[in-house]
Amino acid sequence: MDASTHFRLYAERRARLASQLGPGGIAIVPTALERPRNRDTDFIYRHDSYFYYLSGFAEPQAWLLITAEGRTTLFCQPKDLEREIWDGIRLGPEAAPAALGVDEAFSVAELDQRLPKLLENRSVVWYPFATHAGLEGRIDGWLQKVRARVRYGALCPESQRDLCTLLDEMRLVKDAHELDIMRRASRISARAHIRAMQRSAAMLRAGQDVREYHLDAELLHEFRQGGSQYPAYGSIVAAGANACILHYRADAAPIRDGELVLIDAGCELDGYASDITRTFPANGRFTGPQRAVYDLVLASQDAAVAATKAGARFVGPHEATVKVLAQGLLDLGLLDKNKAGTVDDVIANRSYFAFYMHRTGHWLGMDVHDCGSYVEPSEVGQVSERLDPLSGETIKDRPSRILRPGMVLTIEPGLYIRPAEGVPERFWNIGIRIEDDAVVTDTGCELITRDVPVAPDAIEALMRG
């Protein structure tokens with residue numbers, strides 16, 4: 001992104017936020033803290049998403065203040081030639097206004113000194129609730145100093161409000177710049193999945209010992225080779241029965257001829273996540289039972305994709321998935337028709353839950369489980385209650401979010417078949433998930449992760465190469 005585009009993009013976001021703060025409003029947005037990994041080293045630093053969304057600034061120890069009048073103040077690390085030798089070049093407050101388009105910038109060492117004055121005579125303080133440990137207490141400390149000046153005519157803000165409610169709505173619909181990054185991230189991630197698939201089959205053909213970490217290494221190589229900064233989340237590389245563990249992490253388990261491998265992995269590029277899951281035969285050839293379950297999961301994803309379009313509800317893809325899976329579980333004999341009843345009974349009683357226990361998707365963006373309400377804001381007051389047939393709990397339902405062009409969500413149905421009484425043994429330990437990232441459009445959705453195939457014949461052809 002060139003400097004002028006950078007200026008305009010983040011300035012427009014700050015202006016949009018400022019217009020929603022109300023008369024006398026001020027927003028306080030800190031970035032993420034550095035986190036120690038062990039005695040003398042930190043984890044690789046990753047900025048706070050809200051902060052970066054408004055600034056494009058990736059350094060730690062930074063704060064952003066935005067007033068309702070549209071004035072932006074940045075607090076950041078001062079220039080320090082000695083520390084820069086060790087930790088890298090800092091922008092510094094002197095260069096920040098010209099580089100980032102903020103109105104003024106100060107050293108973060110001056111934060112506690114300057115904040116009470118900046119909060120004085122403001123009516124409402126906005127900040128992200130429950131996202132930064134200790135932030136509420138620090139703001140209380142600044143406000144106490146404002147109250148100490150009331151005898152001199154200072155006014156203290158009368159209310160505090162959650163900035164997430166505003167920023168979540170802004171971030172939920174992606175602009176052209178964001179979608180461009182997410183498409184590029186998806187292409188990198190797709191290449192990584194292809195590389196892992198082909199490595200698995202090639203190593204088995206050569207008679208080599210294959211482990212989950214071998215395929216994880218292929219993912220990491222392609223992520224960095226493609227220019228991404230790091231994985232968007234801990235990669236799942238699950239061989240055989242491990243695929244039935246939803247949040248399994250790549251480890252040292254062997255990848256065996258005749259078993260399936262489930263990989264759920266995506267890179268982060270310039271602050272935006274991708275999220276892809278593919279399940280494939282380790283040797284490149286599905287067995288009959290594997291293919292039967294795979295075809296069912298793929299059919300359920302096709303139904304979910306068809307249900308993903310502007311004007312539809314967020315819950316629509318999940319409902320479409322469940323309907324297909326429920327019928328398929330009966331057809332394959334994974335559920336006994338004599339006990340489970342009809343497909344409507346399976347759905348009503350949630351009998352499918354033993355094999356499919358998660359939702360079909362989530363928002364995607366700067367965070368892999370991105371922010372944004374799943375309830376339609378204009379209908380939040382409409383509440384109905386139902387009794388969950390499995391837990392017995394009373395569930396409060398509110399109208400699901402109406403999809404709009406530019407929203408991005410994952411579509412990720414799956415089936416996880418553990419050994420159990422009444423479950424045909426030929427299906428035991430088969431875990432399959434298929435996940436793609438979808439951009440909502442006026443007429444449907446754009447799947448931006450299909451550079452890696454999902455059709456079983458195409459997977460087998462790819463792995464023969």
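1. How many helices and strands does the chain have? The secondary structure comes to 14 helices and 19 strands. Keep in mind that this is a predicted model.

2. Overall dimensions. The chain has 465 residues and a radius of gyration of 25 Å. A compact globule with that number of residues would have a radius near 23 Å, so the chain agrees with the globule rule. Along the principal axes, the C-alpha atoms fill a box of roughly 80 × 55 × 45 Å.

3. Of the 465 residues, 52% are buried. Take the contacts with a separation of 6 or more: residues 24 or more positions apart account for 71% of them.

4. Aromatic pairs: Trp63 and Trp142. The whole structure holds 9 aromatic pairs. One of them joins Trp63 and Trp142, with 5.7 Å from centre to centre and 70° between the planes. The pair is edge-to-face, because planes over 60 degrees apart count that way. It links distant parts of the chain: Trp63 sits in strand E2 (residues 63–67) and Trp142 in helix H6 (residues 135–147), 79 residues apart. Trp63 has 9% relative accessibility, so it counts as buried. Trp142 is buried too, at 2%.

5. Aromatic pairs: Phe314 and Trp363. Here the ring centres are 4.8 Å apart and the planes stand at 55°, so this pair is tilted.

6. Pro97. This proline has its place in helix H4 (residues 96–100). Leaving aside neighbours within four places in sequence, Pro97 is in contact with Phe7, Val102, Glu104 and Ala105. Thr72 is 25 residues from Pro97 in sequence, and their C-alpha atoms are 9.5 Å apart.

7. Ala299. This alanine lies in helix H10. With 34% relative accessibility, Ala299 counts as partly exposed. Arg205 is 94 residues from Ala299 in sequence and 30 Å from it in space, C-alpha to C-alpha.

8. Which backbone angle of Gln61 has a positive value, in a residue other than glycine? The angle is phi, near 55°. Gln61 is found in the loop between helix H2 (49–55) and E2. Its relative accessibility is 40%, so Gln61 counts as partly exposed. Asp270 also has a positive phi, about 50°, although it is not a glycine. Asp270 lies in the loop between strand E10 (267–269) and strand E11 (272–273). With a relative accessible area of 29%, Asp270 is partly exposed.

Key. Residues are numbered from 1 along each chain as its sequence is written. This is a predicted model: local features need pLDDT of at least 70, side-chain atom pairs count only at pLDDT 80 or more; totals for chains, interfaces and linings use all residues. Side-chain values use heavy atoms; hydrogens and water are left out. Helices (H or I, at least four residues) and strands (E, at least two) are DSSP runs, numbered from the N terminus. The radius of gyration is taken over C-alpha atoms; the globule rule is 2.2 Å times the number of residues to the power 0.38. Buried means under 20% relative accessible area, exposed over 50%, partly exposed in between (1.4 Å probe, protein chains only). Contact means heavy atoms within 4.5 Å. Rings of Phe, Tyr and Trp (its six-membered ring) pair if their centres lie within 6.5 Å; planes under 30 degrees apart count as stacked, over 60 as edge-to-face and the rest as tilted.
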